[in-house]
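Hi everyone, thanks for making time.

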Amino acid sequence: MGEHHGPAKGLTRWLYTTNHKDIGSMYLWFSFAMFLLGGVFALVIRAELFEPGLQLVDPGFFNQMTTMHGLVMVFGAVMPAFVGLANWLIPMMIGAPDMALPRMNNWSFWILPFAFALMVSTLFMDGGGPNFGWTFYAPLSTEYAPPSVTFFIFAVHIMGASSIMGAINVIATILNMRAPGMTLMKMPLFVWTWLITAYLLIAVMPVLAGVVTMMLFDIHFGTSFFDAAGGGDPVLFQHVFWFFGHPEVYIMILPAFGIASAIIPTFARKPLFGYASMVYATASIAILSFIVWAHHMFTVGIPLAGELFFMYATMLIAVPTGVKVFNWVTTMFRGSITFETPMLFSIAFVILFTIGGLSGLMLAIAPADFQYHDTYFVVAHFHYVLVPGAIFSIFAAVYYWLPKWSGHYVNETLGKTHFWLSFVGLNITFFPMHFVGLAGMPRRIPDYALQFADFNMISTVGAFIFGFSQVFFLFVVVKTIRDGKKADAQVWEGAEGLEWTVESPAPYHTFSTPPKV
Amino acid sequence: MSAESTYYVPEQSKLPIFASIALFTTVTGAGMWLNGSGYGPTVFWIGAFAFAAVLYTWFATAIRENMQGLNNAQLKRSYVWGMGWFIFSEVMFFAAFFGALFYVRMYAVPWLAGEGDKESTALLWEGFEATWPLMTTPDQAVNGAEATVKGPGGIFGPWGLPLLNTIILITSSITVHFAHVGIKKGNRKSFQWWLLATVILGATFMFFQAEEYYVAYTELGLTLESGIYGSTFFLLTGFHGAHVTLGTIMLLVQLLRSYKGHFKPDDHFGFEASSWYWHFVDVVWVGLFVFVYIL
Amino acid sequence: MFKKRLFSGLGAITASSTALAEDAQRWGVNMTEGVTDVSREIYGLHMDIFWWCVGIGVVVFGVMFYSMFKHRRSVRKESATFHENTLLEIIWTVIPVIILVIMAIPATTTLERIYDTADADIDIQVTGYQWKWRYEYMGEDLSFFSNLRTSQDEITGRSQKGEHYLLEVDEPLVVPTGQKIRFIINAADVIHAWWVPALAVKKDAIPGYNNEAWTTINEPGIYRGQCAELCGRDHGFMPIVVHAMEPADYERWLADKREEAAVLRELMAQTFTFEELMTRGEGVYQRMCVACHGANGEGGVGKAIAGSPVATGDINAHLDLLVNGVNGTAMQAFGEQLNDLDMAAVLTYTRTAFGNNMGDSLQAVDVYQFKAAQ
Ligand code: HEA
Ligand code: HEA
Ligand code: CUA
Ligand SMILES: [Cu+2]
């Protein structure tokens, strides 16, 4: 049964493939395309907010942009990027020949372009696309929604199916396909964080499917889940949504923790400090993530006891996350550090994610959240954990492993240029949002009072700088793949792990016979 | 077959892309249908049949590979993990609905009557009383006959059909277990009879469930539209019923396979997976019986 | 981290330098202290946590920058090899827990206070509509809607934006200082949230449920806020203005309102000339309808009024539409939002203005009878 086949030729290679590396590449390219698309939506938002008054778009369309931006970035950019990395890296890191269920793996991927085609096509339907925010609170998303919401619901359904299958595949691969000697506590942290992420996905994606199903029934079949007149409650929607939604935000950060834990030791030339405690901390974050959801709902009128419970539980998450941050810092301490592009992105990740985490902690203080909630302070918080958090970790991963994938070194000057452009652009964009948020600017508005004008203008300028630097990133990647310098197997001198034992580019099939660990 | 033999990584496959296209067609058709487009049903059914055909081919391929001896013990474990966590995801799907039920009963309905922490809500729904089952909706309490959302005319007690159905399902869990014992002992006849019995019990359950729905709609005025009671009742029992149907089909397929001579005492994962699914469906029913019918 | 410092730095500069005071106002960078005890407590909490975060940042990033500087390759050829220390792990688990407890204690007391809505002097029912607020003084037979007053011209840039651009309403909520006011908050359609930063009150308005919040305002003044939950197209255009007065002034205002109501009741019984109805109707239209139907009846969110088959059709059908709205669209039931006179006026106006030229009219009593017959 001929292994050691090279890839097939032409389009069918991609359509029919069962190879984890091909599938990983498709995920990554898809995700990047979605990142640009979601970014363009963001730029529409920022352009409208450049100055007070309505200039470019109708408020209804503005809401569609906000909604689509959130949805596309979360489900189209960040999650598929991590799945792409999982596909490329997990089998190579644990010495497996491929993912456990290769055909299903391909299916998980190919659902996505269809799901997003369906989702984005709603923008062109009668009455416009979803305009109720990525959190789609009922009854704005049910009784008062445009008809295209039906397609949005089904898009979420099939996207969820894709995520669940992807997660099952990851779990089966990690638990069943490790090379002999690769015990659980020897696995690289990226594998660990993905294992835990996969559990989160399996636990919460079905809940998301459940809540959109209830919406579907309220809209088309006359049920009253979110309608007080029939005995339901709009707030029920929020509870179910955030039971999914909060773990979802950790789904978008745990793999990033894994990436940082791979890169920082390499460039500090020192083993990761506190491996075991990193594993336990990741697990604690995941477990806690199930009992904090109502911190998104401090103002909906939850009874005092509930409010207190969710406040305390949320604050607790700072402890295991702190452990991770301290471990990274201690890994760097007394190392012998160099600052290649992946390291720059990882350091920025640690610093800026921590800033985002600390503002998260401020949000967790329920009485203070009464002032922060639904303002740009929240927008600042989550962009700090998502953009220099999730997105920077993905950049770091790409710079770190691209030589292994493509067989070519990245030009460091280009990489560092991308880093500094992004770093500066991002802070110009999102830092002022703290100020306007505290000063009282609500989120999801197309027009604002005059006292917010100056910072908004700065944000918009930053957004275009940041957006431009991502087009530059595309250039860097394409240039590397086409004519970067030929890479060795051991791309980085300090790097450890099975993936560095195979040549660069990694052969189409690796570890058909398991390596000895 | 030795466990050390290489892991079978299938070469290219057309199945996934076809499955994606079929799924996309199905949901697009469903969306068009619900939004009142005349082409909706056609698109939906084309998609659904295509999807069923792809799945059929897919499973047939997986079975063929196994019979050809391509699957080593490790690969089989992958299937085991896969099925196990798939069932867990289904558990969470139902958890969302059960969660909704508990929330409504413990918080929403009492609050609407001004109990607990939302005293002043009583101002909005004067005359509304918190009861479960909720026979009179808040809308009805305020608007009487004018109300748009009205409660059900009647509901089912637990000790009639639902109890019978509980017994049927629990029995079927036992029969499927005996079938398992049969195949493990290599007793094909016993396996087939017990499996047949299970399938029949499953179908009987569905028959009674359909009967119950018929009564609900025609006699009791208990519908999807009759307030939150009808909503939770039909969503929970409806999705459960859909899962029983799926489970029955899965078991039926295994039965047909066994007539074709599939399965060995030590190699019958297709059946085992279906039986796990069946037990899961059964456990969900017990939850339903307790929380929807009895309490 | 240096960003954090920038944050505090900016704060320090703006606070200390009088020359920059005006800029600080314009470049608002921090939460308002507000004008109630609760809002001050929250501000205090906010600043406390903020400084804790700055402190943590200084320590963490301090060590990090130290390592980046002192332990870089060009300075230190060989790295250390340690990678475990249980004591350290315990320390940096326990210290954060202690910090969190220190934060949680005052947060808990403040929260308990915020939740104590008992013993209010005044109860006000606040209802969110797409996209306006309605205030009902419970037990006073007084209620009114509060609409955005900023003109479309300002929004679309055809005229200069005023000082309180987007934060001004036609009828502010008027309340007395020094008394405990309880807000009973709900919504008529989708979820909204009633938020006034200076009072530190933000509470979601949930259709079908009443939420409660309270405030006691210490200083008279005009406090502005906005709807804080995405509620559809014009979510950004439903401001809140609270006018807090000395109790004596408040009583006077209340008396005026009662008188106004009495005058209105009298007016209702009168018969108006066509011209009078047209003038009044134009005012109502500009206030209530223009946002959706346009200054010239050309339509927008709503259908065009100019040449509309309804506005040029059967007058009773027209009235029916205005009173009961169009279900499932933004066109609400204005029956409860407009008094009978204003309803008759705007109906008359829209039938004749914008080239509709119907020339017919209704009186307040006709509207009254129509409603009574429903
Ligand atoms: C990757 C995504 C991500 C991550 C990791 C986080 C992490 C956290 N988030 Fe965030 N959050 C979002 C994404 C994320 N969030 C999004 C998308 C929203 C908005 C959704 C919407 O409404 O659209 C949101 C909104 C949000 C809210 C609701 C705000 C509101 O709407 O009013 C709250 C409230 O508690 C919150 C809290 C937290 C906390 C406490 C953490 C913690 O996990 C952070 C922990 C980290 C640290 C604290 C820093 C490092 C720790 C140390 C250095 C140790 C020392 C620290 C102490 C002793 C304190 N988040
Ligand atoms: C991972 C998630 C993620 C990421 C990466 C981003 C990235 C960005 N986001 Fe974010 N955002 C969210 C998740 C994310 N966002 C979420 C969840 C919300 C809440 C939504 C809601 O309220 O419902 C939100 C909301 C949100 C708002 C608030 C909107 C509102 O409340 O109305 C704003 C406003 O500035 C904003 C801005 C930006 C900007 C400028 C970027 C930049 O980083 C984008 C960078 C730009 C590009 C990458 C574009 C590059 C492309 C080009 C320059 C053109 C080239 C074109 C082609 C080649 C075709 N976002
Ligand atoms: Cu009302 Cu937002
Ligand atoms: Cu959260």
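So, Arg334(A) counts as partly exposed because its relative accessibility is 37%; here buried means under 20% relative accessible area, exposed means over 50%, and partly exposed is in between, with a 1.4 Å probe and protein chains only. Arg334(A) sits in the loop between α11 and α12 of chain A. Those labels come from DSSP runs, numbered from the N terminus: helices are H or I with at least four residues, strands are E with at least two. And Arg334(A) has a phi near 60°, which is a positive value in a residue other than glycine.

Some housekeeping: this is a predicted model, where local features need pLDDT of at least 70 and side-chain atom pairs count only at pLDDT 80 or more, while totals for chains, interfaces and linings use all residues. Residues are numbered from 1 along each chain as its sequence is written, chains are lettered from A and ligands numbered from 1 in the order in which they are written, and side-chain values use heavy atoms, with hydrogens and water left out.

Chain C has a positive phi to show you as well. Phe354(C), a residue other than glycine, has phi near 55°, and you'll find Phe354(C) in the loop between α9 (340-352) and α10 (364-373) of chain C.

While we're on backbone, let's look at cis peptides. Gln130(C) and Trp131(C) are joined by a cis peptide bond, with omega about 0°. Trp131(C) is in the loop between β1 (122-129) and β2 (132-137) of chain C. Over in chain B, the peptide bond from Trp132(B) to Pro133(B) is cis, with omega near 0°. That Pro133(B) is in the loop between α3 (73-112) and α4 (138-143) of chain B.

Staying in chain B for a second, the domain assignment gives domain 1 (1-71) and domain 2 (82-294); such bounds come from an automatic or database domain assignment. The C-alpha centres of those two domains of chain B lie 27 Å apart.

Now the metal. Which residues coordinate the copper ion (ligand 4)? They are His246(A) through ND1, His295(A) through NE2 and His296(A) through NE2, at 1.8 to 2.1 Å. Donors here are N, O and S atoms within 2.8 Å of the metal (3.2 Å for Na, K and Ca), and water is not among the atoms, so sites may look incomplete. Along the sequence, the spacing of the copper donors reads H-x48-H-H. His246(A) is in helix α7 of chain A, while His296(A) is in the loop between α9 (275-288) and α10 (304-316) of chain A, so this pair, 50 residues apart, links distant parts of the chain. His246(A) counts as buried, because its relative accessibility is 3%.

Helix α7 of chain A also holds His239(A). With a relative accessible area of 16%, His239(A) is buried. Setting aside neighbours within four places in sequence, His239(A) is in contact (heavy atoms within 4.5 Å) with Trp293(A), Met297(A) and Tyr103(B).

Back to the copper ion (ligand 4): what lies 4.6 Å from it? That's the iron atom of ligand 1. Ligand 1 lies between chains A and C. Its surroundings comprise 34 residues, the closest being Trp134(A), Tyr250(A), Asp369(A), His373(A) and His381(A); a residue is near if one of its heavy atoms lies within 4 Å. α12(A) gives the most to that shell, with 8 residues. An oxygen atom of ligand 1 is 2.7 Å from an N or O atom in the side chain of His373(A), and an oxygen atom of the ligand is 2.8 Å from one in the side chain of Arg443(A).

Last stop, ligand 2. Of the 33 residues around it, Arg46(A), His69(A), Trp134(A), His383(A) and Arg444(A) come nearest. A nitrogen atom of ligand 2 is 2.7 Å from an N or O atom in the side chain of His69(A), and for His383(A) a nitrogen atom of the ligand is 2.8 Å from a side-chain N or O. The elements giving two or more residues to this shell are α2 (20-48), α3 (59-94), α14, α15 (412-438) and α16 (453-483) of chain A. Which element gives the most? That's α2(A), with 8 residues.

Notes:
Polar contact = N/O pair within 3.5 Å; in protein donor to acceptor, adjacent residues only side chain to side chain.
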